[in-house]
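Below are my notes on the model, for someone who has not looked at it before. Please read them with the structure open.

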Amino acid sequence: MAHSPVQVDWTFDGLWPYQPRYFATPEGRCAYIDEGPRSTHAVLLLHGNPTWSFLWRHAIAALISAGQRVIAPDLLGFGRSDKPNRLDAYTLERHVARLLALWQTLGAQQVSLVVHDWGGPLGLWWLSASHVPLRRLVVCNTFSPVLPGRLGQTPALKLARFVSRSRFVADYLYRRRHLMLRDFLFGGGTAHHTALTAQVRTAYRAPHLHAEDRAGVLAFPLQIPRTTSEPIAQHSAEVARELRETLDAVPSLLLWGMKDYLFDATTLDSWIEFLPRASVVRIASASHYVQEDAPQEVASVIAEGIL
């Protein structure tokens, strides 16, 4: 069913003052921002589901103020990137291939990596494949270093795991009902709902106004491995083994919203085991989308952690 184009003010009354740049990929055009001084070192910010680079707006401003070059892509299917309506465009391997293609266009030789949600596994896979020298690492509320890893055990999460195994039910919940936005980002994934102003909510709705725009949103939960024998889990374990020594040698920070029932304290513990020398900042009042629950604290901690 065709829909009439909807006019969107992508500045959201000044909350997002950045103009997108684009690069072409076999699956569609991808958007990103490249702000701050032209430097051979860049801070790469990777979002997850169902967000886009808007999630990092406070951190971006703080990093630019600190003199950093900031790269924040919108993964295919999210933000201002194209949204092909087929699931095979959104495999983890294809997302990583597109990040590799983007990096080749940037002229940066060193990276500080900041990840959240699905940006965690994607960032590690990209580091492994790209061999870009890593200067700093900041990890926010994401999967354990090795998939499937430790996840919370709430009834809601158990139900989500169950429905993700039924393509029909998952399609209804993630694509038709837009569960990730309505019930997680605007629900249990944030602790301070009043901070999600009308314009912030509009910014998160804008990329996925129609069900056919949400194939990327659906594709992520369908790829969560159930066992360590699945190919995604096996590759995740290989990447973790390969990167462990590299990651342990650079300054790293674990920044965690402790009210997250998806990636709870047990998931944080798995990162502490993986990176025992990392600094840890726990934000007791924040949930999964820690950037929205504690925006200024998160922005400040990230900027300080990168310097």
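1. Asn141 counts as buried, because its relative accessibility is 0% (buried means under 20% relative accessible area, exposed over 50%, partly exposed in between, with a 1.4 Å probe and protein chains only). Asn141 is placed in strand 6; strands (E, at least two residues) and helices (H or I, at least four) are DSSP runs, numbered from the N terminus. Its phi is positive, about 30°, although Asn141 is not a glycine.

2. The model is a predicted one: local features need pLDDT of at least 70, side-chain atom pairs count only at pLDDT 80 or more, and totals for chains, interfaces and linings use all residues. Residues are numbered from 1 along each chain as its sequence is written, and side-chain values use heavy atoms, with hydrogens and water left out.

3. Asp117 also deserves a look. Asp117 has a positive phi of about 55° and is not a glycine. This residue belongs to strand 5, residues 110–117. Asp117 counts as buried because its relative accessibility is 4%. As background, most residues other than glycine have a negative phi, and most peptide bonds are trans.

4. Pro50 sits in the loop that runs between strand 3 (41–46) and helix 1 (57–65). Leu147 and Pro148 are likewise joined by a cis peptide bond, with omega about 0°. The loop holding Pro148 lies between strand 6 (134–142) and helix 4 (155–163).

5. Val138 is another residue of strand 6. Its relative accessibility is 1%, so Val138 counts as buried. What does Val138 contact, leaving aside neighbours within four places in sequence? Its partners are Leu113, Val114, Val115, Leu253, Ile302 and Ile306, where contact means heavy atoms within 4.5 Å. From Val138 to Pro251 the separation is 113 residues in sequence and 8.8 Å in space, C-alpha to C-alpha.

6. Leu122 is part of helix 3, residues 119–130. With a relative accessible area of 1%, Leu122 is buried. Neighbours within four places in sequence aside, Leu122 is in contact with Leu46, Leu75, Leu92, His95, Val96 and Phe220. Ala89 is 33 residues from Leu122 in sequence and 15 Å away in space, C-alpha to C-alpha.

7. His178 occupies the loop between helix 5 and helix 6. Is His178 buried or exposed? His178 is buried, since its relative accessible area is 3%. Not counting residues up to four places away in sequence, His178 touches Leu173, His208 and Arg214. His178 and Gly48 are 130 residues apart in sequence, and their C-alpha atoms are 15 Å apart in space.

8. Helix 6 covers residues 179–188, and its buried residues are Met180, Leu181, Phe184, Leu185, Phe186 and Gly187. The cover over these buried residues includes helix 5 (167–176), helix 7 (198–205) and helix 8 (215–222). In an α-helix there are 3.6 residues a turn, so residues three or four places apart point the same way.

9. For the chain as a whole, the secondary structure comes to 12 helices and eight strands. The protein chain is as compact as a globular protein of its length, because its radius of gyration is 18 Å, close to the 19 Å that the globule rule gives for 307 residues. That radius is taken over C-alpha atoms, and the rule is 2.2 Å times the number of residues to the power 0.38. The C-alpha trace spans about 50 × 40 × 40 Å along its principal axes. Of the 307 residues, 56% count as buried. Among contacts between residues at least 6 apart in sequence, 77% join residues at least 24 apart.

10. A last point concerns the cysteines. How many disulfides does a search of the whole structure find? The search finds zero disulfides, a disulfide being a pair of cysteine sulfur atoms within 2.5 Å. Cys30 counts as buried because its relative accessibility is 2%. Cys140 counts as buried as well, at 0% relative accessibility.
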